[in-house]
Amino acid sequence: MSSMDRRTALKTAGVLGVGAAAGCTSTASAEDQTTRPFQVPETTVPVLGREEVFPVRRIYCMGRNYAAHAIEMGSDPDREPPFFFQKPTDSVQLVEPGRTADHAYPPLTENYHYEIELVVALKGGGRNIPVEAALDHVYGYAVGLDMTRRDLQRAMGDEGKPWEIGKSFDDSAVLGPLHPVEEVGHRLEGTIRLQVNGETKQDADLEQMIWNVAEQIHHISQGSELKPGDMIYSGTPENVGPVVPGDLMEGYIQGLEEITVRVV
Ligand code: MN
């Protein structure tokens, strides 16, 4: 059987209800009538001033996107092309404006770091998006924390292994509410700051990004098709550092709602 024949046969089997033999209740009509053994919740983000919520598809994260941070991480910011990793969609921890969110200190680490970041939410997408057209795809912006098990990230990196365990874990994508572009414009410059227990730890300007938001969208779309619902954590400025249970983190980006998070 050719691969095309096999695909056709499988498709036909599904329509005819062969799936019932495997314990599924199959219908030949609307997709929303199929049953599931359990429900998987959708990740959505509240949008300030609107009834609608933003459904999250993928979370891309930009590595080393401020020169001073690239240097503190031991790389050369002048010679490095942009690179990205992902966090699971369900690793989002939402922080409501005006409220302090409790953030559980995660397992496996003894060096748990904050990274304050501008988060970009997309309403459009495509492949090979030109830089000039990239911002047309932005739905809005938010304040985020790319929480990082730095000891695990470093150890895996040293061994040449994927450092996913240092970056991609439950609640590691801390996120404030989304601000639609129509309300706040594009966040291309302005203060980005993180305070811990009232002391300023990170303090920079969005215009210090090595690859700006439009360039990030352009670069990601060369490797994968971007789609509505995708988000990009756009990288952190210098002076990342550790937190321990009891610490209070306050994240601020000019023009956006501040987030307040207590490590517990
Ligand atoms: Mn980061």
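The structure is a predicted model, in which local features need a pLDDT of at least 70 and side-chain atom pairs count only at pLDDT 80 or more, while totals for chains, interfaces and linings use all residues. Residues are numbered from 1 along each chain as its sequence is written, and side-chain values use heavy atoms, with hydrogens and water left out.

The pLDDT, the predictor's confidence in each residue on a scale from 0 to 100, averages 89 over the chain, and 88% of the residues score at least 70. Over residues 1–28, however, the pLDDT is below 50, and this stretch has nine contacts in the model beyond near neighbours in sequence; a contact means heavy atoms within 4.5 Å.

A pair of aromatic rings is described by the distance of the centres and the angle of the planes. Rings of Phe, Tyr and Trp (its six-membered ring) pair if their centres lie within 6.5 Å; planes under 30 degrees apart count as stacked, over 60 as edge-to-face and the rest as tilted. By this rule, there are five aromatic pairs. In one of them, the ring centres of F54 and Y139 are 5.2 Å apart and the planes stand at 45 degrees, so this pair is tilted. Because F54 belongs to strand β2 (residues 53–55) and Y139 to strand β9 (residues 138–146), the pair ties together parts that are 85 residues apart in sequence. Helices (H or I, at least four residues) and strands (E, at least two) are DSSP runs, numbered from the N terminus.

F85 and W163 form an edge-to-face pair, with 5.1 Å from centre to centre and 65 degrees between the planes. This pair also links distant parts of the chain, 78 residues apart: F85 is in strand β4 (residues 84–87), and W163 is in the loop between α4 (150–158) and α5 (164–167). F85 is buried, at a relative accessible area of 13%, whereas W163 is partly exposed, at 24%. Ring pairs join F83, F85 and W163 into a cluster.

Charged side chains were also examined. A charge sits over a ring if NZ of Lys or CZ of Arg is within 6 Å of the ring centre and within 35 degrees of the ring normal. The charged end of K87 sits over the ring of F169, 5.8 Å from its centre, and R149 lies over the face of F169 at 4.1 Å from the ring centre.

Strands β10, β7 and β16 form an open antiparallel sheet in the order β10-β7-β16; two strands pair if DSSP finds at least two bridges between them. The edge strands, β10 (148–149) and β16 (241–242), each pair on one side only. Two bridges connect β7 (residues 112–114) with β10, and H113 stands opposite T148 in β10.

In helix α4, the buried residues are R150, L152 and Q153. Seen down the helix axis, they fall within an arc of 165 degrees, so they line one face of α4; the arc is that of the directions from the helix axis to the C-beta atoms. Among the elements covering these buried residues are β7, β10 and α5.

Technical notes
Buried means under 20% relative accessible area, exposed over 50%, partly exposed in between (1.4 Å probe, protein chains only).
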